[in-house]
Amino acid sequence: MSHQHIDKKIETKLEHKYSTLFKLCHMMSYERDLNTLLDFLVKKSADVVDADRATIFLFDEKRNELWSKVAMGITDIIRFDARLGIAGEVLQSGKIINIEDAYRHPKFNPDVDKRTGYTTKTLLCVPMKDINGKPIGVLQVLNKKEGLLFTTEDGEVLEIFASHAAIAIENARLIGELEGSKARLQQENVILREKTRGRFFVSNIIGTSPTIQSIVKLIEKISDSPLNVLITGESGTGKELAARTIHYNSSRFEKPFIDINCAALPESLLESELFGIEKGVATGVEKRVGKIETANGGTLFLDEIGDMSLPAQAKLLRVLQERKLERIGGRSMIDIDVRVLAASNKDLKSEIEKGRFREDLLYRLNVVHIEMPPLRQMKEDIPLLAKYFLTSFTSELGKGAMSFSNEAIDCLMKYSWHGNVRELENEVKRAVILSEGDVIEESDLSEHVRESRGTACRAPTEGIHSLKETVEEIEIRMIKEALKTSGGNKQKASEALGITRQGLIKKIKRYGLS
Ligand SMILES: Nc1ncnc2c1ncn2[C@@H]1O[C@H](COP(=O)(O)OP(=O)(O)O)[C@@H](O)[C@H]1O
Ligand SMILES: [Mg+2]
C-alpha cells in the first residue's frame, strides 16, 4: 500500500469518527430523562473511542462527593470523596488524564475494581463542565479494545463528547426539576380546589329559619342547571356565598368561577375588564383577556350589577343573547359558554323606572331569583350563626373550644345588624381575639352591640368594683342617656329617670356632668 493510500484510509476513518461524534451529540440533546440519558452516554462514550466500558461520575457539590449510578454492569450506586482517585484528580484539575497501566499509577483507586471484579488496565478520564465552566463530573473509559492504548486523538474526541454530554445532563436535570415542580403544583391545585369546593357545600349556608331553608332548597335544585340567577339582598347577607355555592355544586365546578365587582371599577375600565381589549386600541394599550372569556366554560359572577353602565349593559346583553364575544378593538368573535350569576343590593325594578337599568337585561339575568333576607328578619338564627363562626374562628386560630354567655347571646340577638351576617361574623371574630377566658361575655362585645341590651352592661374584666362604684357608674350612664334623648332638657330627663329635677341637678353636679 502506498503512503498516499494509507493517509486516505486514515482520513476517511477520521471523518467517519467525527461524523459519528456529531450525530451522537445531536442525539443526546434530545433525551430529556436523566437516567436514560446517562445510560446512552455511558454506552456511546465507550463505543466512540473503542473502549471496553465507561463510567460517568457526577459531582455532588453539597457532599463534595463523586457518585455513579450507571457504571455498566453495576447496578448500585458508587460514592466516594471528590478528591480521591483519578476521577477526583480530573474533577479538581479540569484536565484530561490518559493512563497506560492503571495499577502503576499512584492516584489509581482499585476499590471500584474490587467491588466489580473488573481489572482496569488502560484508562482515559475527561472532565465534564457546564456552560459556565463549572465541573459537574467526569467521564471515564476503561480498557481500549484489542489491548491497545488510548491515543491523544481519543482524548480529544472524548473531551468533545463530554462537553456536550455535560450540557445534555444539565438540561435533563433542569427539565426533571421543572416537571417535578409542575407535578407538585398540579397536585396542590387539586387539593386546593377540593378544599375550596368543601367550603361551598350547601350545608355551609347556615340557618334553620324557613327563609334560609327555602333558599338552600332552591340552590340545591337549580345549581346543576344552566339557568342564570339573580341574587338580591342587603350588603353582607350572603349573596356571594350563595353564588359560589351554586357554582361549586354545579357540573361547572372544575371550571373557573370568575367574579367582578361592577361597582368597584370606573365605567371605562369595566368594559375592558369584562370584554377584553386588543393590543394597540389606544396608545400603550396591551392586549387583555376579559373576565367573560376567562370564565368560559365556568361561571361569571357579576356583583353589584346595578352599578353597571348602560353601554356595558347593552354589550353584556348581546354576549348573553349571541353567546359570542368580541374584544374591544377585536376583529373576530369568540364563542362563549358562561353561566351568569348576578347580585345587587339595589332594587333593580326601580332602577329600570329611573332609566338606569335595562329591562331586557334584567329578564335575561333574573331567570331564577334569590332574595337573601337581612339578619334582623331571621333573629332566631343569630345564636346558630354566632356559634358557627365561633367554632370556625377558634379552630382557625388553634384555640380550644369556646362558648357564649347567655347575656352575650342576648345582646347579639337584640342588636339590629345593619351589616348583616358579615357584621355578625366580624363581631364574633373580634370577641374571640379579645376574650381572655373560654366564655365570651357580654363585656367582650363591642360597645354598640352591648348598648342594644340596655343598661346592665358592666364589664367585669375592668376589675373588681364596689357596689357603690357600680351603682354610680350605672347612674352616670343612665343620666347621660336620658339627657341625650331629651336633648338636654333636665325636666324631661328627670321624668324619664323617675327622680325630681332637683335630684337630677344634684347628681349632675356631683358627677361633674353638666
Ligand atoms: N347563611 C350564612 N351562613 C354562613 N355564613 C354566611 C351566611 N350568610 C353570609 N355568610 C358569611 O357572611 C359574609 C358575608 O357574606 P357575602 O356573601 O360576602 O355577602 P354579600 O355578598 O351579600 O355582601 C361571608 O363571610 C359569608 O360567608
Ligand atoms: Mg358581596
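Axes here are lines fitted to C-alpha atoms, for helices over the stretch in contact, and angles run from 0 to 180 degrees between N-to-C directions. This is a predicted model: local features need pLDDT of at least 70, side-chain atom pairs count only at pLDDT 80 or more, and totals for chains, interfaces and linings use all residues. Residues are numbered from 1 along each chain as its sequence is written, while chains are lettered from A and ligands numbered from 1 in the order in which they are written.

**View 1. Helix H18 against helix H19.** The axes of H18 (residues 490-497) and H19 (residues 501-511) come within 9 Å and cross at roughly 100°. H18 is therefore roughly perpendicular to H19 (65 to 115 degrees; under 35 is roughly parallel, over 145 roughly antiparallel, the rest oblique). Helices (H or I, at least four residues) and strands (E, at least two) are DSSP runs, numbered from the N terminus. H18 brings Lys 490, Gln 491, Ala 493, Ser 494 and Leu 497 to Arg 501, Gly 503, Leu 504 and Ile 505 of H19. Contact means C-beta atoms, placed from the backbone, within 7 Å. By class, this contact has four nonpolar, three polar and two charged residues. Ala, Val, Leu, Ile, Met, Phe, Trp, Tyr, Cys and Pro count as nonpolar, Asp, Glu, Lys and Arg as charged, and the others, Gly among them, as polar.

**View 2. Helix H2 against helix H5.** The axes of H2 (residues 34-48) and H5 (residues 152-199) come within 10 Å and cross at roughly 175°. That makes H2 roughly antiparallel to H5. H2 contributes residues including Leu 34, Leu 37 and Leu 41. Among those from H5 are Phe 161, Ala 165 and Arg 173. The contact divides into 11 nonpolar, two polar and one charged residues.

**View 3. The shell around ligand 1.** Ligand 1 is surrounded by 15 residues (C-beta atom, placed from the backbone, within 6 Å). The closest are Ile 206, Gly 238, Lys 239, Glu 240 and Val 421. Helices H7 (239-248) and H15 (420-434) each give two or more residues. Five shell residues are nonpolar, six polar and four charged.

Definitions and conventions:
Two residues are in contact if their C-beta atoms, placed from the backbone, lie within 7 Å.
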